[in-house]
Amino acid sequence: MSPRPVVDVQQLTYRYGSDEPSKDEPVHPVLNGIDLQVSAGEYVVILGHNGSGKSTLAKHLNALLTPTEGRVLVCGMDTRDESLRWEIRRQAGMVFQNPDNQIVGTSVAEDVAFGLENMGVPPDEMARRVDRVLTRLDMAHLADREPHQLSGGQKQRLAIAGILAMRPTILILDEATAMLDPQGRREVMDAVRQLNREDGVTVIQITHFMEEALWADRVVVMQEGRIRLNGPPEDVLIQRDVLLEAGLDVPFAVELASRLRRHGIPLDENILHGDQLVDALWKLLSNP
Ligand code: ADP
């Protein structure tokens, strides 16, 4: 029997403004019949063009929004149950796009401690947890620094540290690398991958950077409020025509292989990574 999913989205439909329905103007749903299950320890990337509903879906995963129809269970807890809302937010921590909007402390250590204070964690235990997560994220040397002095990548790692201190099951990243330079993006991605692989944190990452999807366990492609594709990257990201229809880029190796095929070069349909393309071309050259 497969374990119970940590995220279980069942037939989720959402309309903004549906609290005040107007008879004259039926509101078009932004999410339309979404079904999505995520298992503990999975790394899931959600891709989609602007406006496809990614952020709206993410906000349902930590009860910032609740379904118009259908239901969302997080670690078995129904997000419509207001009495569970804080526990849901502790279990499913969310990092947003703008690093500056997430800083609450006047020092790095204080910022990490903020959520723990709200949870009523005793001071000794709090100091230990702050130490541990800052060390885990290679930020112990920055503990006394003012958060505003940090780089963008460091600020996003600080946001992750604050969530991690609360011992969540799920880390949700909503375009968390979009405002960073390449160095900052790499720092954040490395930290998140490590937390997933080594500590078993379930990751749900929303992004429009195709390359961030290449190493996920699973990729979900959204289009106009629906799930268009859902599967391992090697199945999803080679579907060039569907990706283009969904308004997304196509991974470089997939696009190049497709163009070479059109020029009569017999390459497999399942090439995803650059090194696979290089290998396939070498084989063709050595067995002409
Ligand atoms: P994405 O994250 O994929 O860019 P969003 O979930 O932000 O998509 O938006 C999906 C759709 O919902 C868009 O058409 C957007 O204009 C609309 N939308 C987003 N937020 C609101 C809101 N607060 N009120 C009304 N419509 C919204």
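## A charge over a ring

In this predicted model, the charged end of Arg89 sits over the ring of Trp86, 5.3 Å from its centre. To count as sitting over a ring, NZ of Lys or CZ of Arg has to be within 6 Å of the ring centre and within 35 degrees of the ring normal. Arg185 does it too: its charged end sits over the ring of Phe209, 3.8 Å from the centre.

A quick word on ground rules. Residues are numbered from 1 along each chain as its sequence is written, and side-chain values use heavy atoms, with hydrogens and water left out. Since this is a predicted model, local features need pLDDT of at least 70 and side-chain atom pairs count only at pLDDT 80 or more, while totals for chains, interfaces and linings use all residues.

## Around the ligand

Which residues surround the ligand? They are Tyr16, Val30, His49, Asn50, Gly51, Ser52, Gly53, Lys54, Ser55 and Thr56; a residue gets on this list if one of its heavy atoms lies within 4 Å of the ligand. Sorted by class, that shell has two nonpolar, seven polar and one charged residues. The classes go like this: Ala, Val, Leu, Ile, Met, Phe, Trp, Tyr, Cys and Pro are nonpolar, Asp, Glu, Lys and Arg are charged, and the others, Gly among them, are polar.

Now for some polar contacts, meaning pairs of N or O atoms within 3.5 Å. A polar side-chain atom of Lys54 lies 2.9 Å from an oxygen atom of the ligand. Gly53 uses its backbone instead, with an N or O atom 3.0 Å from a ligand oxygen. Tyr16 has a polar side-chain atom 3.4 Å from a nitrogen atom of the ligand. The protein covers 53% of the 560 Å² of accessible area that the ligand has on its own, with areas worked out by the Shrake-Rupley method and a 1.4 Å probe.

## The tyrosine pair

Is Tyr14 buried or exposed? Tyr14 counts as buried, because its relative accessibility is 10%, whereas Tyr16 is partly exposed at 38%. The cut-offs are under 20% relative accessible area for buried, over 50% for exposed, and partly exposed in between (1.4 Å probe, protein chains only).

## Two positive phi angles

Most residues other than glycine have a negative phi. Ala63, though not a glycine, has a positive phi of about 65°. Ala63 is in the loop between helix H1 (54–61) and strand E4 (69–74), and is buried, with a relative accessible area of 3%. Helices (H or I, at least four residues) and strands (E, at least two) are DSSP runs, numbered from the N terminus.

Arg167 also has a positive phi, near 55°. Arg167 lies in the loop between helix H5 (152–164) and strand E7 (170–174), and is partly exposed, with a relative accessible area of 43%.

## Distances along the chain

Glu255, in helix H9 (residues 252–262), is buried at 16% relative accessible area. Glu255 and Ile271 are 16 residues apart in sequence and 9.6 Å apart in space, C-alpha to C-alpha.

Gln97 sits in the loop between strand E6 (92–95) and helix H3 (108–119), and is partly exposed at 36%. From Gln97 to Gln276, 179 residues apart along the chain, the C-alpha atoms are separated by 33 Å.

How values were computed:
A polar contact is a pair of N or O atoms within 3.5 Å; within protein, one must be able to donate a hydrogen and the other to accept it, and residues adjacent in sequence count only if both atoms are side-chain atoms.
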